[in-house]
Amino acid sequence: MLTKSSTELVRQRNSVLVLSVLRRHGALAHTEISDFTGLSSATISAITADLERAQIIEKSEQQAASGRGRPRVLLRQRRDCGYLIVVIISSDVVQYSLVDYAGKLIDRFSEERSHDPSGAARFVEGVRAGLSRILDRSRITREKVLLISISSKGLVDSTEPVLIWSPIFGSDQIDFESALRQDWQAKVILDNETLLVAAALGAREEIVKGADFRSLAALSLGHSIGLGIVRRGGQTGQEVSAPNFGHMLHMAGGGLCRCGTRGCIEAYAGFYAILRSAFEVPLDTIPAKFVPVAELDKIAAKARQGHRTSVFAFRQAGLALGNGLSRMLSLTERMPIAITGPGTRYYDLLRQGIEEGLGQSHIVRMEGMPEIRIVAEEPILVFEGHLNRALSVIDQDIVVSGVQGGE
């Protein structure tokens, strides 16, 4: 026998399922929602009535193409139900995006990130100012913002929006919830950037392959090296993780990394590492915090002309990446690898080393080279990952508070 509390949990779960279907497929008729969710018509009627009464969804009419007959009644999210702010922290810029509840982009701007040595405290002040600016531009009140979703490279606390370590601020931790709590009622979440890339790619794969999708790894190449792994998770949805791949050991006692240790994968494959190797700078030289892509382009041009040290720098980077991927596959399973980030423009120079490093894995020697695909649209994937994750969190929160508040 179901208790009142368990019945309420089932109702909430089914309401979130309805919202997720509308988010995935767009405006739908009553019968289409029933087909996609597998819920009965009576259950859909009760749920959509609750959601509409709570002003979470709304009805619209679509006239038949022939112009005859009764128009179809479609259900969709109310765009003004609430808003999301997405903050993407990159090596050189911070991007702010304002999104409505239906997932429509309203406004966006980017600001150059200061490389001021004063560090995290001043950066947080800049983020607070950026958040205020994007609302001022759109004339939306702070109370209407339901969630602030932030991403960065580096180590992220798995339970709280705390940046533990990043290539930008090192070990200067940033607790974004504490930093923003004074001015914002909105929930604050923080994710590793490459985790969001993997999640977005996994969502795309599942749309195409359905139940045939198993797993996929996203390798981000740039100023830092990131890895995200997404696996099909059964009824609980996809399982996404972001192991600290760039700072896995590649060579004991090797090149100095930005994290302060020696021999990390990133110390051979990050942009600063390729620059250091190409100019034959000693491996114990303190790494540059930021290397413009234009500088790497010059090294790549020389490598493509056969310049020995430039060719060697990219080959060493590829070997470090391939060795790291071979260990990852040995610990997980053979899976496709999507390479993203600004470093994809040098894949032709990295490929030989990557394949050589992968070939050292027993699973690769037994089962063959995994599929490697180049996905150059990393910024789009990061934003998609934000939307997928953040809007799902909003749906769950809004069902609990909104539907009950509307009853």
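Across the protein chain of this predicted model, the pLDDT averages 90, and 94% of the residues score at least 70. Among the elements of the chain, strand E2, which covers residues 57-62, has the lowest mean pLDDT, at 84, whereas strand E15 has the highest, at 98.

**The open sheet around E15**

- Strands in a sheet are held in pairs by backbone hydrogen bonds, and such pairs may be parallel or antiparallel.
- Here 5 strands make up an open sheet with mixed pairing, and their order across the sheet is E14-E13-E12-E15-E16.
- Strand E14 (239-241) and strand E16 (372-374) are the edge strands, and because each has a single partner strand, one side of each is left without a neighbour in the sheet.
- From one strand to the next, the twist of this sheet averages 20°.
- Strand E15, made of residues 337-340, runs parallel to E16 and is joined to E16 by 3 bridges.
- Within this part of the sheet, Ala338 is placed opposite Arg373, a residue of E16.
- Helix H11, which spans residues 347-358, lies across both E15 and E16, and its direction makes an angle of about 160° with E16.

- Strand E5 (residues 93-100) and strand E6 (residues 105-112) run antiparallel to one another and are connected by 7 bridges.
- One of the residues taking part is Val99, whose bridge partner in E6 is Leu105.
- The two strands, E5 and E6, form a hairpin that has 4 residues between them, and in the turn Gly103 has a positive phi of about 85°.

**Helices H2 and H3**

- The axis of helix H2 (residues 30-37) comes within 9 Å of the axis of helix H3 (residues 41-53), and the two axes cross at roughly 115°.
- The crossing in which H2 passes H3 is right-handed.
- The residues that meet here are His30, Ile33, Ser34 and Thr37 on the side of H2, and Ser41, Ile44, Ser45 and Thr48 on the side of H3.

**Helices H8 and H10**

- Helix H8, with residues 271-278, and helix H10, with residues 308-331, have axes that come within 8 Å and cross at roughly 145°.
- The crossing of H8 and H10 is right-handed.
- From H8, the residues Ile274, Ser277 and Ala278 meet a set in H10 that consists of Thr309, Ser310, Phe312, Ala313, Phe314 and Ala317.

**Two buried serines**

- Ser15 belongs to helix H1, which runs over residues 4-25.
- With a relative accessible area of 1%, Ser15 is buried, because the cut-off for a buried residue is under 20%.
- When residues up to four places away in sequence are not counted, Ser15 touches Ile47, Leu51 and Val399.
- Ser361 is found in the loop that lies between H11 and helix H12 (362-367).
- The relative accessibility of Ser361 is 3%, so Ser361 also counts as buried.
- If neighbours within four places in sequence are left aside, Ser361 is in contact with Ser326 and Ser330.

Methods: Residues are numbered from 1 along each chain as its sequence is written. This is a predicted model: local features need pLDDT of at least 70, side-chain atom pairs count only at pLDDT 80 or more; totals for chains, interfaces and linings use all residues. Side-chain values use heavy atoms; hydrogens and water are left out. Two strands pair if DSSP finds at least two bridges between them. Axes are lines fitted to C-alpha atoms, for helices over the stretch in contact, and angles run from 0 to 180 degrees between N-to-C directions. Contact means heavy atoms within 4.5 Å. Buried means under 20% relative accessible area, exposed over 50%, partly exposed in between (1.4 Å probe, protein chains only). pLDDT is the predictor's confidence in each residue, from 0 to 100. A crossing is left-handed if the near helix is turned anticlockwise from the far one by less than a right angle, and right-handed if clockwise.
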